[in-house]
Each structure stands twice: as structure tokens, then as C-alpha cells.
Amino acid sequence: MNALANLAEITSLNQERRLIEAAQSDPCRFAELYESNFHRVYAFVARRVGSREEAQDVTAEVFHQALRNIGRFQWRGVPFAAWLLRIAANALADRWQRAGRAMEVPADEAEIENEGGHTDAQEVERRAMLFQLVDRLPADQRLVIQRRFVEQKSIREIAQEMGRSEGAVKQLQFRALETLRSQIRSSHE
């Protein structure tokens with residue numbers, strides 16, 4: 001039974017590879033890839049955004065970008081959906097980054113208060129510095145940090161989303177945290 005499942009998977013990947021090659025030769029053939037991957041990409045995005053409209057916008061953006069870059073896609077034996085989900089993850093990260101920059105920051109420290117009514121400018125500065133440091137990380141490391149610590153995702157979930165092994169995701173997380181620690185230490189010296 002296991003051999004039969006493996007054969008079905010290989011056949012499916014070969015069929016997908018032919019669809020990709022056809023779309024690379026004739027962009028009109030991209031519609032088949034769109035149809036077979038739309039629900040997966042939409043579900044991925046919808047779980048991570050606040051509204052249906054935003055999920056639709058991001059999903060459309062993902063497929064537009066995929067169509068625009070289909071000629072650069074290189075087959076590596078991994079499902080096409082992994083590439084689309086990586087595009088989606090990057091599109092979401094870009095949106096969150098833009099949204100973070102667009103947030104209003106009160107100019108007057110008196111406007112920044114914690115629950116006890118005390119000014120907490122140091123905490124705001126610390127968070128702003130951390131945000132800037134995370135923003136400077138390489139894209140893969142930044143994505144892992146956002147998924148792990150903002151979205152509270154497991155290593156396994158992140159690995160599946162990125163199309164990488166759990167070990168690779170752990171290594172990205174380790175390197176990102178080491179970089180952040182070292183940058184925070186050097187900023188306090």
C-alpha cells in the first residue's frame with residue numbers, strides 16, 4: 001500500500017511539473033495551476049489576516065506575483081504549492097511590516113501610559129528597537145521569528161509552510177536569536 005501511495009505522489013508531481021512547464025511556455029496555461037492551488041493558498045492567507053477582503057487581496061497578489069515570475073520558477077521536486085505559500089508568507093510579512101510602520105506613535109511621552117497610569121517610554125523604546133532589529137534579519141530568519149513568536153506557530157507548522165525541514169527551521173530560529181542577542185548586547189555597551 002505504501003508503494004502505491006508513493007507511486008501516486010510521483011505521478012502527481014510529474015503531472016504538476018508538466019503543468020508548470022506548460023505555464024512557463026504559455027502563461028495562458030497558468031490557469032490550471034491557479035485552479036489546483038487556489039483553495040490552499042487562500043486558506044493559508046485567511047488564517048493569518050483579519051478579514052475576508054484582505055485574504056482575497058493577498059491571495060490575488062500571490063497569484064499575480066507567481067504568474068509574473070513563473071518563468072524564473074525552477075523545479076526541485078517539491079510541490080508547486082510550497083513556492084506559492086512562500087510567496088504568500090512574504091506578501092503577508094511585507095504587509096505586516098508596512099502596517100507596523102504606518103502605526104501612529106504618540107509624540108508626547110505623557111500619551112504613552114501603561115495600565116498603572118505610569119509612563120513607560122523605556123518599554124516602548126525597547127520594543128521599537130527589537131522591531132527594527134528583527135526587520136534587519138535576513139528574510140527567512142525574520143519569517144521564522146514572526147511565525148514562532150508573533151503567531152505562536154510550532155516548528156513543524158513553519159517547516160511545512162516554508163517547504164523546509166524542521167531542522168532547517170530550528171537552525172534559522174537559532175541564528176536569528178543569536179543575531180538579535182548579539183545586537184542587543186552591543187547596543188547596551
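Mentor: Let's start with a term: a residue is called exposed when its relative accessible area is over 50%, and buried when it is under 20%. Keep in mind that we are looking at a predicted model.

Trainee: Thanks! Which residues of α3 are exposed?

Mentor: H64 and R68 are exposed, on the other side of α3 from its buried residues, which are A55, V58, T59, V62, F63, A66 and N69.

Trainee: Why do the buried residues of α3 line one face of the helix?

Mentor: Look down the helix axis. The buried residues of α3 fall within an arc of 140°, so they line one face. As for its length, α3 has 18 residues and spans 26 Å from first to last C-alpha, close to the 26 Å expected at 1.5 Å a residue.

Trainee: Could we zoom in on F30? What is F30 in contact with, leaving aside its neighbours within four places in sequence?

Mentor: Beyond those neighbours, F30 is in contact with A23, F63, A66, L67, I70 and F80.

Trainee: I see several rings there. How many aromatic pairs does a search of the whole structure find?

Mentor: The search finds eight aromatic pairs. To read one, check the angle between the planes: under 30 degrees counts as stacked, over 60 as edge-to-face. F38 and Y42 are stacked, at 5.8 Å centre to centre and 20° between the planes. Both residues lie in α2, four residues apart, about one turn of the helix. F38 is partly exposed at 23% relative accessibility, and Y42 is partly exposed at 21%.

Trainee: And what about F73 and F80: why is that pair edge-to-face?

Mentor: Their planes stand at 70°, with the ring centres 5.3 Å apart, so the pair is edge-to-face. F73 counts as buried at 10% relative accessibility, and F80 counts as buried at 0%.

Trainee: Which residues do ring pairs link into a cluster?

Mentor: The cluster links F30, Y34, F38, Y42 and F63.

Methods
Residues numbered from 1 in each chain as written. Predicted model: local features only at pLDDT ≥ 70, side-chain atom pairs only at ≥ 80, totals over all residues. Heavy atoms only, no water. Contact = heavy atoms within 4.5 Å. Phe/Tyr/Trp six-rings, centres within 6.5 Å; stacked < 30°, edge-to-face > 60°. Helix = DSSP H or I, 4+ residues; strand = E, 2+ residues; numbered from the N terminus. Buried < 20%, exposed > 50% of the residue type's maximum accessible area, 1.4 Å probe, protein only. Expected span 1.5 Å × (residues − 1). Arc of directions from axis to C-beta.
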